[in-house]
Amino acid sequence: MEPISLPDALASFTERWSPRIVTTVNDYDVRVAKVEGEHVWHVHDHTDEFFLVLDGELHIALRERDGERTVVLPRGSVFTVPRGTEHKPYAPAPAAILVLEPTGTLTVGDRHDEVPEHVDATTGHALA
Ligand code: NI
């Protein structure tokens, strides 16, 4: 086990919305992703999902009991989407995020809208 540079990890791939697993903590993955444009409405029925914005700005649309709202996360911000909450991340410009979630968690959740071509439905890829 050696330290992992997040800038190096991010420089090792170009795909958007296609997370790489940089390390694990107990039964959780620490994943990084390059993002731009819209992800897809989806929900994780059994787990919260933690976001940290490494670069750029991430918006997350949320469908909550009281209606729909969007949270805006500038670089350096964290946010946790509670389990069972439908959400759709969106990045108005190229950005980089770190996500913490249980190993095996699908990026498009347990239920989702039709997955667009530019979104990778994956449980995360190993770093090259
Ligand atoms: Ni999600």
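Student: Which residue lies over the face of Phe13, and at what distance from the ring centre?

Tutor: Arg20 lies over the face of Phe13, at 4.3 Å from the ring centre. Please keep in mind from the start that this is a predicted model.

Student: Which ring has Arg63 over its face?

Tutor: That ring belongs to Trp41, and Arg63 lies over its face at 3.7 Å from the ring centre.

Student: Let us turn to the metal. Which residues coordinate the nickel ion?

Tutor: The nickel ion is coordinated through NE2 atoms of His42, His44 and His87 and through OE of Glu49, at 2.0 to 2.1 Å. Along the sequence, the spacing of these donor residues can be written as H-x1-H-x4-E-x37-H.

Student: Why is the arrangement around the nickel ion called irregular?

Tutor: The general idea is that ideal angles at a metal are 109.5 degrees for four tetrahedral donors. A set of four donors counts as tetrahedral if all angles lie between 85 and 135 degrees. In this structure the four donor atoms subtend angles of 84 to 169° around the nickel ion, and therefore the arrangement is irregular.

Student: Where in the structure is Thr47?

Tutor: Thr47 is placed in the loop between strand E3 (42–43) and strand E4 (49–55). With a relative accessible area of 10%, Thr47 is buried, and leaving aside residues up to four places away in sequence, Thr47 touches Tyr28, Arg83, Pro102 and Thr105.

Student: Now I would like to read the strands. How many bridges pair strand E5 with strand E6?

Tutor: Strand E5, residues 57–64, pairs with strand E6, residues 67–74, in the antiparallel sense over eight bridges. The two strands are joined by a hairpin of two residues. To follow the pairing residue by residue, notice that Glu64 has Gly67 as its bridge partner in E6, while Ala61 has Thr70 as its bridge partner in E6.

Student: In which sense do E5 and strand E8 run?

Tutor: E5 and strand E8, residues 86–102, run antiparallel and are joined by five bridges. One place to look is Ile60, which is found in strand E5 and stands opposite Pro89 in E8.

Student: Is Ile60 buried or exposed?

Tutor: Ile60 counts as buried, because its relative accessibility is 0%. Not counting residues up to four places away in sequence, Ile60 touches several residues, including Phe51, Thr70, Phe79, Val81 and the nickel ligand His87. The C-alpha atoms of Ile60 and Glu38 are separated by 9.7 Å, although the two residues are 22 residues apart along the chain.

Student: And what about Glu68, is that residue buried or exposed?

Tutor: The word exposed is used for a relative accessible area over 50%. Glu68, which lies in strand E6, is exposed because its relative accessible area is 55%.

Student: Finally, I would like to understand the backbone angle phi. What is the phi of Trp17?

Tutor: In general, most residues other than glycine have a negative phi. Trp17 is not a glycine, yet its phi is positive, at about 55°. Trp17 is found in the loop between helix H1 (6–11) and strand E1 (20–25), and Trp17 is buried, with a relative accessible area of 5%.

Student: Where does Asn26 lie, and what is its phi?

Tutor: Asn26 lies in the loop between E1 and strand E2 (28–38), and its phi is near 50°, a positive value in a residue other than glycine. Asn26 is exposed, with a relative accessible area of 77%, whereas Trp17 is buried.

Note on methods. Residues are numbered from 1 along each chain as its sequence is written. This is a predicted model: local features need pLDDT of at least 70, side-chain atom pairs count only at pLDDT 80 or more; totals for chains, interfaces and linings use all residues. Side-chain values use heavy atoms; hydrogens and water are left out. Helices (H or I, at least four residues) and strands (E, at least two) are DSSP runs, numbered from the N terminus. Buried means under 20% relative accessible area, exposed over 50%, partly exposed in between (1.4 Å probe, protein chains only). Contact means heavy atoms within 4.5 Å. Donors are N, O and S atoms within 2.8 Å of the metal (3.2 Å for Na, K and Ca); water is not among the atoms, so sites may look incomplete. Four donors count as tetrahedral if all angles lie between 85 and 135 degrees; four count as square planar and six as octahedral if opposite donors are over 155 degrees apart and all others between 65 and 115; anything else is irregular. A charge sits over a ring if NZ of Lys or CZ of Arg is within 6 Å of the ring centre and within 35 degrees of the ring normal. Two strands pair if DSSP finds at least two bridges between them.
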